[in-house]
Amino acid sequence: MEKKFIYLDNNATTKVDDIVVKEMQKYFTEVYGNPSSLYDLGQEAREAIENARQRIAKILNCDASEIYFTGSGTESDNLAIKGVARRYQNKGKHIITSAIEHHAVLNTVEYLGKKEGFEYSLVKVNNDGIVDLDHLKSLIRDDTIIISIMYANNETGAIQPIEEIGKIAKEKGIYFHTDAVQAAGKLSLDVKKLNVDMMSLSGHKFHAPKGVGILYKRNGINPIPLFHGGHHEKNLRPSTENVPYIMGIAKALEIAYDELEEHKEKIYKLKMMLKEGIEKNIEGVISNTPENSVFNTLNYSFKGIEGESILFSLNDFGIGVSTGSACTSGSLEPSHVIMAMGRDHAICHSSIRFSLSKYNTEDEIKYTIEKLKEVIERIRKISPYKQ
Ligand code: PLP
């Protein structure tokens, strides 16, 4: 019997939905025109992407003119933060973000600080990994121009109080961007309710391909583009539009929200099964995922064990999980997210993230619990670390 890999790393990336692949196919081989071309084959592609924009706008409760297609979540984050900081720097050069952001945001802000004379402040999080609103308020200065806080954390799943932050930013006349890459397909993306001015999304986190992103930008905000070239995406993001991937991301987002309740129920049940299995069967575990978290994510530290040993041992059983974020796995730096939550160094080194999707099954979770228990007991027996 062929053994199936048990994929529990869906915050790193997801399997592309077969329906999405099917949707994209036509735009590779049939409607392959350049959307800027004036003949029918080009105009058909133009109509398709404008239709995709409208369908996405419906989910985000915004106008289609406020949706921009990019090449990734990282690009959307860069465009929003660098674009606004550079455009409005005459108003002030102070940026606020949080200590638990993805590197797509943290390194962007750090770059602006080091290379372009901006100043930035990092909002603290509490022990649950939720940003401290009082601290955020205390960091606001007269020259603060942009606040960027993620919607859901990629490592712990912690949901951030975006609506409240949006209100605070609005009252102070500060632009508010949220990296919603890990919230897409899990939480409401209604930009009006959330009080956000800009929001980044990435296709490969919700069963669309890698290499396509969305930036929602409220009309009236005018970021400086990252690239210069043609007049695509109203001059904000020149490059011939990636028509098949745009059609793919629109389809995937639609599926995610049409089927949200169904997937939420199924995945949350699996998450609870895994949670109970870990907490009842394994000693010395510390949860890094708060109650208020996205329905697919669980993060635990296993006292006295390096996360990497667990990762490789589970891999030997055909199970894929990650230590910290996918972008830092392979490096032995402790997770900056778990560190920011006030855990000690050893605990940060021993964290494992399980992130589920609609494709996981109860049998996979049962098998994972069984193998995890086995792996932890075996490593603890030979581990030089004391618990
Ligand atoms: N923001 C968050 C919260 C993420 O988890 C990721 C990917 O891991 C990104 C941004 C980057 O997205 P992309 O891989 O599309 O550049």
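Predicted model: local features only at pLDDT ≥ 70, side-chain atom pairs only at ≥ 80, totals over all residues.
## Helices α2 and α8

Helix α2, which covers residues 40-60, packs against helix α8, residues 243-258, at an angle of about 30°, and the axes of the two helices are 9 Å apart. Because angles under 35 degrees count as roughly parallel, α2 and α8 are described as roughly parallel to each other. The crossing in which α2 passes α8 is left-handed.

On the α2 side, the residues that meet α8 include Ala-45, Ala-48, Ile-49 and Ala-52, while those on the α8 side include Val-243, Ile-246, Met-247 and Ala-250. Charged residues also take part, among them Arg-55 of α2 and Lys-251 and Glu-254 of α8. Taken as a whole, the residues of this contact divide into 14 nonpolar, no polar and 3 charged. In general, an α-helix has 3.6 residues a turn, so residues three or four places apart point the same way.

## Helices α3 and α4

Helix α3 (residues 73-87) and helix α4 (residues 103-115) also form a packed pair, with an angle of about 30° between them and their axes 9 Å apart. That angle makes α3 roughly parallel to α4. Here the crossing, in which α3 passes α4, is right-handed.

The contact is made by Thr-74, Asp-77, Asn-78, Ile-81, Lys-82, Ala-85 and Arg-86 from α3, together with Ala-104, Val-105, Thr-108, Val-109, Tyr-111 and Leu-112 from α4. These residues divide into 7 nonpolar, 3 polar and 3 charged.

## Helix α13 and what covers it

Helix α13 runs over residues 362-382, and at 1.5 Å a residue its 21 residues should span 30 Å, which agrees with the 31 Å that separates its end C-alpha atoms.

The buried residues of α13 are Glu-364, Ile-365, Thr-368, Ile-369, Lys-371, Leu-372, Val-375, Ile-376, Ile-379 and Arg-380. What covers these buried residues includes the strands β1, β10, β11 and β12, as well as the helices α9 and α10.

Thr-297 lies in strand β10, and because its relative accessibility is 0%, Thr-297 counts as buried. Although Thr-297 and Phe-354 are 57 residues apart along the chain, their C-alpha atoms are separated by 5.9 Å. Leaving aside neighbours within four places in sequence, the contacts of Thr-297 include Asn-11, Glu-155, Lys-271, Arg-353 and Phe-354.

Ala-64 sits in the loop between α2 and β2, and with a relative accessible area of 18% it is buried, since the cut-off for that word is under 20%. Ala-64 and Ile-6 are 58 residues apart in sequence, and their C-alpha atoms are 38 Å apart in space. When neighbours within four places in sequence are left aside, Ala-64 is in contact with Arg-53, Gln-54 and Ala-57.

## Positive phi in two loops

Most residues other than glycine have a negative phi. His-207, which is not a glycine, has a positive phi of about 70°. His-207 is found in the loop between β7 and β8, and at 11% relative accessibility His-207 counts as buried.

Lys-234, also a residue other than glycine, has a positive phi as well, with a value near 50°. The place of Lys-234 is in the loop between β8 and α8.

Methods: Residues numbered from 1 in each chain as written. Heavy atoms only, no water. Axes fitted to C-alpha atoms, helices over the stretch in contact; angles between N-to-C directions. Helix = DSSP H or I, 4+ residues; strand = E, 2+ residues; numbered from the N terminus. Parallel < 35°, antiparallel > 145°, perpendicular 65-115°, else oblique. Left-handed = near helix turned anticlockwise from the far one by under 90°. Contact = heavy atoms within 4.5 Å. Expected span 1.5 Å × (residues − 1). Buried < 20%, exposed > 50% of the residue type's maximum accessible area, 1.4 Å probe, protein only.
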